[in-house]
Amino acid sequence: MVLVNIFVKKITVILFLFLSLFDLKATHIVGGEMTYKFLGNNQYRIRLDVYIDCINGSPEAIQSDATAIIGIFNGDTRNILSGYPINVSRTGPTRIQKTNYNCLKVTPNACVDHYVYETTVTLPPTKGGYYVSFQRCCRNGSITNIVAPGATGANYWAYIPNVNDVGFANTSAVYKELPPNFLCTNTALKFDHSATDADGDSLVYSLITPYLGADPNNPRPNNGNAGFLEKPPFTQLQWRNSYTFDDPIDGNPSMNIDPETGFLTLTPTRVGQFVVGISVKEFRKGKLINEVIRDYQFNVQSCVVDVVASFFAPKYVCGFTYQFQNLSSGAQRYHWDFGVSGTNADTSNTARPVFSFPGPGTYEVTLIAYKTTCADSFKAKVTVVEPNKPKLPRDTTLCDKVTMTLKTDIPGEDYRWSTGARTDSLVVSNAGTYILAVTNKTCTWYDTIIIAYDREKVDAKGDTLFCSYDDFTRIISTNMSSTTSFIWSNGETTPNITVNKPGKYKVTATSINKCISQDSAQIIQQSDVKVFVNDTQVCPGYSVTFSAISPDPTASFSWSNGASGKNMTTKIAGQYFVRAQVALCSARDTFILSNFPNELDLGNDLRFCNKIDTLITSPSNKFKSVVWNNEVTNTTYRLTKPGPLHITVVNSNGCIEKDSINVLLFPNPSLNLGPDTTLCLSEKPRLNAGPGMRRYLWNTGSQKQEIIAFDSGVYWVEIIDVEGCKSIDSVHIIKRKDLFPVDIYMPSAFTPNGDDLNDVYPNSQYKVEGAEYNVKLFNRWGEKLADFNNPTLNWDGKINGQDAPEGVYVYTITWVGCDNVRRTLYGDFLLLR
C-alpha cells in the first residue's frame, strides 16, 4: 500500500509539472507594445502594455504573467546589461469595451483585458543607446496568417537612443487609442491609430512584420534555467501563404494606414484571427531616432450589422467643388454636413453629393447613415485648396532661333516641366509645346505654351559644278511656299530662275511672318580629271601600296576597297579601281594586283603500316632553297617516324611557300586463328578472323569474317583493315574418328538423395562438342519428364519441384559420335532413394 501511494504521488507531481509547463506557454497573449518616458537625471519610466485574451486564455497562464521579465541590452555591443533581466509587476486588468460599430444586432463574443507593467531605470548616455525587450511565448494557435502560431512567441521592444546623438533625451511616441476588440467581415474599419510625441518629433506610420520572442520550450526566458533572451537585432516572424506585412488580413479594400495621419482603414472579408504589426517612427531633424511597434491580434468575426457609415475622404480637395464617394452599407437614407460654419445650407441628403466649399480651409465633413431606428456616423477632415493656376506667356512664333526664359507666376512645393526639369523657371531654345505642373498640398495646376520658330528659310537649290561631259543649262529653284516676295541678283522676282552661264546667283526672300532669309547658288564649269595606276604582280601575301597619279593637286581619291587618300595598300589579289574627284567631277582607272602562281604541292597525307623508312624528294628542282621540318636543308628527306611533315621553299620567283602533310603509321591488325588442334570427325569448328576488317581472304576462297572447317588441313587467312594494313595467320586442323569413344553408357539406376553420388541422370560423359546430342526421359505412362540437347544437362529426380516416386523410367538418346555416325539408343532405368 505504501508503494502504491508513492507511485500515485509521483504521477501527481509529474502531471502537475506537465500542466505547469503547458500553462506557462499557453496561448493567451494577443498583443502589446513597449514605450518609455524620460524623467531626468538619466532616469526613464519603462512601460509595457500587454493585451490578454480573457475568454480563451488560461487563468493559470494569465497568473504566470503577474510579473514580466524585461531585459535591457547595450545598443553597441548588443549584450544584456549587468543585473538584467528584471521582474516587473503589473497593474490591471482594464477590460477593452471599444467597438467599431454602432448598429450591431448581436455583439460577437470577444474579450480583451489590458495589463500595464511599469518600472523606472537609470540609463546613462552610452554609444549605441539601449534596447528594452520583453519576450514571451506563445501566440494563439488559431491565428490564420502566420506559420506555426501556437509555437511562435512575441517580442515587444523599444529603442532608447544615445542622448549625444539626438540632441536631448528622448521620450517615445505613445499611441492615443486602443484598437477595437473585434472586427466584422464586409464592414469597414475606421480607426485613428495615431500617436502623440511629447518631444514634438515628426511621426511617420506604416505596417510592419512583428517580431519573435521565446519558444515553447522556454516560454518565459530569464537568462538562466528558463532560457535566454534573444539579443538584438531581433528576428521577425514568418507569414503564411500569401499574407505579407502590408496585407496581413483578407480584405477588400485591404488594410492601409495613412503615413502622415495614422488613420487605419480595412474592410475584412474572412473570419479569423490575424496578427498585425503597426509602427510609428520618430524623426528628429530628418534623422530616425526611434520606432514604437504595436503587435496586435485582430479578431474578425461574422457580424450582423444594420448600417455602417463610411466615405472616402481625400486629404486635400483641389478647387472648391468635390463629389464625395459614399462607402456606406445597409443604409436607407443619408445626411451630410460639410462643416461650413455659420450656415445650415451646407448639408445634403443624397448618396453621392457634389458640394462647393465657400473658400479654402479645413472642414470636418460628417455623414450619418440611417436604417429604421439605427444610425451610424462617420467624420473626416478635408483641406480645401484654392485654385491657383500658373500663367505662362502667350503662344509665340519667332524669326530667329533664340533662347527664351519661361517662369511661373505662383510659388509651389513642386514644379514639373514636360522636359523633366523640376525648377520654377525653364530656359528653352527649341520649338515645341511646354507644359508646367505646379503642385501645392498635393494639388497640381497646369499651363501650356507653344513656341514656334519660322524655320522656313530660303534655299537656292542649284549649286552646280559643270563637268566637261555635262549639259550647261540649269534651273535654280527655292523651297519656300509661304513667301511674299523674291529678289534675285540678276533682277528676277520669281521663285525659280533658269541660267546658262557660270556665276553666283543670290536670292533674298521675305516670309509671311516678315522674316528675311538669303541664300545663293554657284554655277562652276570644271576641266577634265585624270588619274593613273599601274598593274603589279607579287608573291602571295605580300602587301603592295598603289599610288594614284593625277595632274590636279586638289584631287581626292577613293578606292574600290573602301580606302581613301592618294595611296592604297592591300595584299589581296584582284581587280581594283581608283576614282579621282575634283569638286563634283571625277575620273576612274582600273588596275590588277596578281600573285605569282604556287609551285609547291606535297600531295596527300602519307600512310604506312607497321614501320616507316622511306626517302621523300622535293616536288620540284626549280626551288632556290628547301627546308624540311625547319631543320633539314636538302632536296631529299629520310622519313622514319609518324607526325606532321613540313616543307618551306623559295620558289623560282623568290616567293616563300609552305606546305605540310600528315605522316600516319598504323599497326598491322591483330589476327589469331588459335593453336593447331585435333578434333572429332563430327566436329565443325568455326574459324573467326575478327570483326571490322575491310577485306578477308581465306585459302578456301571465302571472303567472310568466319568459316567452318569441315575437313582436316591447313587453313590460312589474310585480312586488310580500314587503314590498308594487313596480317596473315594459319591453323592446322586434324580430324580423327577415334579421338573419343563413339558409344554412350546409360546407367541402369540413380539415387537422387543429396549425397552427391549418382544424384542426377544420365550424368553423361559425352565429349564431342558441337555434334548432335538429345536425351528424352519418360515415366512408365509415357509422360515426358526431360528433354536435353546438351550433355551437361541432367535430371535431378524431381517433377515440378517435388520428388519423383521410385520406380522404372524410360529413356531415348540420339547422338553423333566422333566418327560422324548418328546413333539412337532406347532403354529404362531405376530411380531409387
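Buried here means under 20% relative accessible area, exposed means over 50%, and partly exposed is anything in between (1.4 Å probe, protein chains only). What you're looking at is a predicted model, where local features need pLDDT of at least 70, side-chain atom pairs count only at pLDDT 80 or more, and totals for chains, interfaces and linings use all residues. Residues are numbered from 1 along each chain as its sequence is written, and side-chain values use heavy atoms, with hydrogens and water left out.

**Around valine 808**

- Valine 808 sits in strand E61, residues 807-816; strands (E, at least two residues) and helices (H or I, at least four) are DSSP runs, numbered from the N terminus.
- Together, Val808, Leu830 and Leu832 make a nonpolar surface patch of about 220 Å².
- A patch takes residues with over 30% relative accessible area and no salt bridge, joining like charges within 9 Å and nonpolar side chains (Val, Leu, Ile, Met, Phe, Trp, Tyr) within 5 Å.
- The salt bridge in that rule is a side-chain nitrogen of Lys or Arg within 4 Å of a carboxyl oxygen of Asp or Glu.

**Strand E54 and its partners**

- Strand E54 (residues 713-720) is largely enclosed by the rest of the structure, because six of its eight residues are buried.
- On one side of the pairing list is strand E52 (residues 695-698), which pairs with E54 in the antiparallel sense over four bridges; strands count as paired if DSSP finds at least two bridges between them.
- Valine 717 in E54 is the bridge partner of tryptophan 698, and valine 717 also stands opposite aspartate 729 in E55.
- Strand E55 (residues 726-736) runs antiparallel to E54, with eight bridges joining the two.
- E54 and E55 form a hairpin with five residues between them, and glycine 724 in the turn has a positive phi of about 90°.
- Setting aside neighbours within four places in sequence, glutamate 718 is in contact with Arg695, Tyr696, Leu697, Lys726, Ser727 and Ile728, where contact means heavy atoms within 4.5 Å.

**The nonpolar cores**

- The largest nonpolar core has 38 residues, and Ile249, Leu264 and Val280 touch the most other members.
- Strands that each supply at least two residues of this core include E12 (202-208), E14 (263-266) and E16 (287-301), while the largest share, five residues, comes from E15.
- A core is a set of buried Ala, Val, Leu, Ile, Met, Phe, Trp, Tyr and Cys residues joined through side-chain atoms within 4.5 Å.
- Among the contacts of isoleucine 249, leaving aside neighbours within four places in sequence, are Tyr243, Phe274 and Val300.

- Most residues other than glycine have a negative phi, and most peptide bonds are trans.
- The bond from tyrosine 84 to proline 85 is cis, with omega near 10°; proline 85 is in the loop between strand E3 (67-74) and strand E4 (86-95).
- Tyrosine 761 and proline 762 are also joined by a cis peptide bond, with omega about 10°.
- Asparagine 186, in the loop between E9 and E10, has a positive phi of about 60° although it is not a glycine.
- Asparagine 820 has a positive phi of about 70° and lies in the loop between E61 and strand E62 (822-831).

Definitions and conventions: Areas by Shrake-Rupley, 256 points an atom, 1.4 Å probe, with all protein chains shown as cover.
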